[in-house]
Each structure stands twice: as structure tokens, then as C-alpha cells.
Amino acid sequence: MTDHRAPPPPSGPVPWDKDFALRLLTDMLRIRRMEEKSAEMYGAGKIRGFLHLYIGEEATGVGALHALSPDDNIVATYREHGHALVRGMDMGAIMAEMYGKREGCAHGRGGSMHLFDAATRFYGGNAIVGGGLPLAVGLALAAKMRQEQRVTACFFGDGAVAEGAFHESLNLAALWRLPVLFCCENNLYGMGTAIERSESQTDLCLKAASYGMPALRADGMDIVAVHETTRQAVRTLRESAGPVFVEYQTYRFRAHSMFDAELYRQKAEIEEWKTRGPIHTFSARLKAEGKLTEEEFLALDAAADAEVAAAVAFAEAGSWEPVADLLKDVLTPAEGKP
Amino acid sequence: MTRTLSYREAMREAMHEALANDPRVFLMGEDVGRYGGTYAFSKGFLDEFGPERIRDTPLSELGFVGAGIGAALGGMRPIVEVMTVNFSLLALDQIVNTAAALRHMSGGQFSVPLVIRMTTGAGRQLAAQHSHSLEGWYAHIPGIKVLAPATIEDARGMLAPALADPDPVVIFEHAGLFNLEGELPDDWSADISSARVRRAGKDVVIITHGGSLPKALAAAETLAGEGIAAEVLDLRVLRPLDGAGIMAAVAKCRRAVVVDEGWKSGSLAAEVVARIMENAFYELDAPVVRVCSEEVPIPYAKHLEEAALPQAEKIVAAVKGLFA
């Protein structure tokens, strides 16, 4: 069995210019600060329902999404605030959606788990574990039939691997040679159940490879490894015109949702993973390589804080969807026919 | 000039037309290609349209129905065929949690122009895993439309508006109808919004859909011989129900029997009766009654299966009960 808990060797010098490196660092900081504020606003009663934070896993979403192009399709899970943000959605529209406001990306119909954005080809925000995978297969099928070059990247967690939808989707994508990038964010727990307690085979790449597709693995705490592996995966996908699977080994620092007392894991384990936190390790590497000063870091962090403050102000100032419009968007109005 | 053809041929023609006229349309499902369709609805399509558009799937209902949703989002107009309604339960998650909910969850950003066709109903001694009538369950779900073509005309005409609809449409085709033959009128174009009177009457309205329509018509014929003029209303569209059409027939006939091959408890028939109570109570001369399937998984043995289902004789008896 693969030992998921042993830290892999570092990925060597950061192979990017300063500008690109700082863009990725910036996005990780934007997610981190947005998520921290979301937790705070949850505590304040401004955000309700379920709230699943991405804190600790930022390198995975940021590194992977920066390897994709604006023409590509993205399908994500209920832990998708970060993906939505990096994809280009406005933080104010995300925050307003979590507030349930009309100015949210789904006018308050979706909430935290259902962020959508047609403009950036962001297809949600799927809160049925594994539910996004068949959707991604279909998006890729449409792209292939329409002879569009786009890739469909589908994010899902290790928990989804136990679902039938995972196996059916990988089989279909491989059988039909569809351009799906299966991005498995393995954070070692499906809610509170450790992967060893739910998978008879914990080597997830082996499962994917059994469907006849290339399967790559990356240290999900190391943004360089995530990004370079994803770039390679996308290259392979475009060359082979078939699906590719990538497993990102990562870890969530916070509880599964805001209702989780975390009885299933040890504090020491969390603390150990925090030493591999993607933001401070990457910052340290950049500083050591002379690509980042402490002043620059503080300025980036302050900018992220300012963006978050503006997003909260936007959400606070937002309005409520009129109850008279309750039944809106159940079906498509006649004039909206495609 | 009218033509005589079967329900199967009518549906096949409808699909053929859709495939020939719109490059976005493709057919996907188990054995739709090389096998020619479980019920031969797509015989010859593979040769004519090729394997890209006539797509045999693995036995992965959840996967290929979900892929149909994704393909619809991606700009295609898929027709997904599910072999029977019982198998569609394997895909229920994608239909209910994704297809039906996506437009609303996304605040109106994404519509799902998908058509799912499936065989429904009993009567062929296929027992409890191939014979059920679960269209009432689907009719419970906001965000989808549910159709039940029960005539040659509707088998020919309902697919085109279903494909033109921007939202998911689920079409239930009762297996007992496939060999039904009839005349296709010149104008077979169909809407997907209204119920239709299949036989005019004045004493009682028999409200039904799908495979129970021929039984209702047979019952009406028998009743006519006994001096009762029964109207037969074919619901056609199970969601959204044509409330106005139902109430008009009830107001005219003042008595109603609802015939539904689903089980009585929690059935579509229950919904129809409740709406009549809410909207037309004072128009009634008698309580509304139902003829539904008995509360048993559909049995194999012929005599038991027949006893479990609505039959013309049961409908006749129910109608007579209103005049006793």
C-alpha cells in the first residue's frame, strides 16, 4: 500500500519567474483569507447551512487551475469556494452567494455548496459526492462531438472514489477517449472516515490506471509539484486525446464542515500536516530563492485582506431575492430558449 | 393522407427525423446501436448515423444519464434511452439531484436540454424488476417535465417539442403500446402542455395516461353499450399537469374515475384526485374514485399479473359504482 502520510521529497527549485510565482502565491492567500473570513461570518450567523473550508488544500486548486485555459470546463465539489475564485469569479459574488443574497452568483439559490459561473465555464458546486464526474464526462463528450479543443477538469475528493459514479465515469471516459482531467483531491478523509477505513485499495492511481488511463500523483501541499504535474497531465491529455487522472495528496486543516467535532483524527496529525502548509512553505522557498521579500509578502496578504473586506461589504450591502420570485429558474422561461 | 403505422414505427420516425435534422441530436443508451434498440426503436440507425451519434453504452445508467446531462450543458441535444423505468433508479441521483436542480441551483445560468426516454409498465410477465410504473415519482420533481405518449400521434409528435424544450424532459413509453397500430393523421404535431380528450362523453370522465389509455377506451366502449357516455381524458403530460383540462372535463361530466398503473398509495392518481378536490369539489355529483395497481410488486404468473393491474373490467365496475 502507498504510504500517504510520509512527506515526499521537495520538488527542487521553483521553476517559475517571479511574476508567475507571485500570482500563484497571491491566489493561495486570497483563498485562505476568504475562507477564514467565511468561517468568521459563519460564526456571526451571516452564512448558514453547510460550509466546507478549503484551508490547507489551497496549493491543489491553485496549482491545478493555473494549468488550465479559460476555454476549459471546470466541475467541482461542495468544497469549491477556492476553485471558483481562482477560476475568475468575483469574490463579492461568491461571498454574497454564501450570504444568500440576490447579488450572489446564483442569487442565493445555491449557497456555499453550489457556486456556478457560466462566464468562466464553472459548472459548480456539486454536493453529491461523485455527482460531478458523469457531468464532466458529458461535457467532454459534447466537446469531442463538437470538435472543440477544451479540456474538462473535474475535481473530486478521495471519498468519491468509493462511489459507483467514479468507476462508471472513468470507464466511460477511457472507453470513449474523452478529454477529461480527473483531479482527485485526496485529503485522506471522506468526511470523518479515513481512507484506510473506506478503501480496500488505497492506491488511487492504481484504480484509475486499471481503466487504461495515465495516472499521475502529486504532493498536494507543494504548489510547484501540483502545477507541474497538472501541466504534464494536460499535455498528455491533449496528445493522447483521452482522459488522465491525477491524485493530489493533500490535507484539510479545518473541520469537514462547521458541524464537525473532529473526533476521528488526532491534533498531532493536524499539526504535523500544518508544518507542510502550502502557503508558508512556498513563501519560504521563494524567499530563499530571492523571489520574495517579507515586505512583498505582507503587501500581498494585505491586498487579499482588502479584497475580502470589499467582498464582505458587497455581501452585506446586498439585497434579498423577493419571495414573489420564489419559483423563478425552476424551468427556463420561454424567451430564454437556447 | 393518413398512414397506418405502429407506435414503435412512429417513435422510430420521430427519432430519425430529429437525428436527420439537427446535428446536435444523438442517441445514447444500452444496445441502441448494434442490437438495434432493446425494442427495435433504433434499428438501422447505427448504419445511417454512425457510432458517434448512435452510441452504445456500458451498463452504467448513472454514468450515461449523467453524461447526457453534461453533453446537454455542453451544447448537444442528447436523447438518452434507459431500458426500463426500473433501471432508471440507478440514475435517479443524476436526474433528480443534477438535471432537475441545476438551473435553479445555478440561479438560472445553466439549463439542461436533455431528453430521457424509458420503457414503463407491466403486462409482459417480466415480474417485479422490469414492470413497474414509476412515472408518478418523476412527476413529483420540480425542474423536469414528464410525458406519457399513449397514441400513435403522440409517439410521432411529442419528441420534437421535447427536444426543443430547454429543460430536461422524461418520456415514459408503455411497453404494452409498442405494437399498437393506428392511423397517423396529416397533422400529427403535438404540444407538451395539455391533456387531450380521446373520446367525448358527458356522464363520467375517465382520466388516465400511457398504457391504461386503451383499457380506458375499451371500458368506455362497454359502458356506451350500457347507456353510460364516458369521456376519456388522456393526461399526456404528467408534469406539469394540465389542471385546466382536467377541471373542464370534470365540470362537464360531474363524475370522475382516475386510472393509473402506478400503485394507489402516493400515486399520480392521488395527485389528480387531490387537485379535483381542491378545484372542482362543487362540480361533482359523486366521490372521485381510482383504479390503480394493487399494492404488490408485479408478479410473474399471468393470472396474478393481470389481477394486479388496472383492467377494462375494473374500470367499468368503478364507473358503474358511481351510478349505483
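Predicted model: local features only at pLDDT ≥ 70, side-chain atom pairs only at ≥ 80, totals over all residues.
Local features were required to have pLDDT of at least 70 and side-chain atom pairs pLDDT 80 or more, while totals for chains, interfaces and linings use all residues; side-chain values rest on heavy atoms, without hydrogens and water. Residues are numbered from 1 along each chain as its sequence is written, chains are lettered from A and ligands numbered from 1 in the order in which they are written.

In chain A, helix α5 (residues 132-145) packs against helix α6 (residues 164-175) at an angle of about 15 degrees, the axes being 8 Å apart. Helices (H or I, at least four residues) and strands (E, at least two) are DSSP runs, numbered from the N terminus. Axes are lines fitted to C-alpha atoms, for helices over the stretch in contact, and angles run from 0 to 180 degrees between N-to-C directions. α5(A) and α6(A) are therefore roughly parallel to each other, a term applied to angles under 35 degrees. The contact (heavy atoms within 4.5 Å) involves Leu133(A), Pro134(A) and Val137(A) from α5(A), and Ala165(A), Phe166(A), Ser169(A), Leu170(A), Leu172(A) and Ala173(A) from α6(A). By class, 8 residues of this contact are nonpolar, 1 is polar and none is charged. The classes are nonpolar (Ala, Val, Leu, Ile, Met, Phe, Trp, Tyr, Cys and Pro), charged (Asp, Glu, Lys and Arg) and polar (the others, Gly among them).

The contact between the chains takes in 44 residues of chain B and 38 residues of chain A. About 3,400 Å² is buried between chain B and chain A, 66% of it on carbon and sulfur atoms. Buried area is the accessible area (1.4 Å probe) that two parts lose on being put together, summed over both. Of the area that chain B buries against chain A, 18% comes from His104(B), Met105(B) and Phe110(B), more than from any other three residues.

Asp329(A) pairs with Arg103(B) in a salt bridge, with the closest N and O atoms 2.9 Å apart. Within chain A, Glu321(A) and Arg102(A) form a salt bridge at 3.5 Å, N to O. This pair links distant parts of the chain, 219 residues apart: Glu321(A) lies in the segment after α11 (294-317), and Arg102(A) in the loop between α4 (91-99) and β2 (122-125).

His107(A), in the loop between α4 and β2 of chain A, has a positive phi of about 55 degrees although it is not a glycine. In chain B, the peptide bond from Arg239(B) to Pro240(B) is cis, with omega near -5 degrees. Pro240(B) belongs to the loop between β12 (237-239) and α11 (243-253) of chain B.

Methods. Parallel < 35°, antiparallel > 145°, perpendicular 65-115°, else oblique. Salt bridge = Lys/Arg side-chain N within 4 Å of Asp/Glu carboxyl O.
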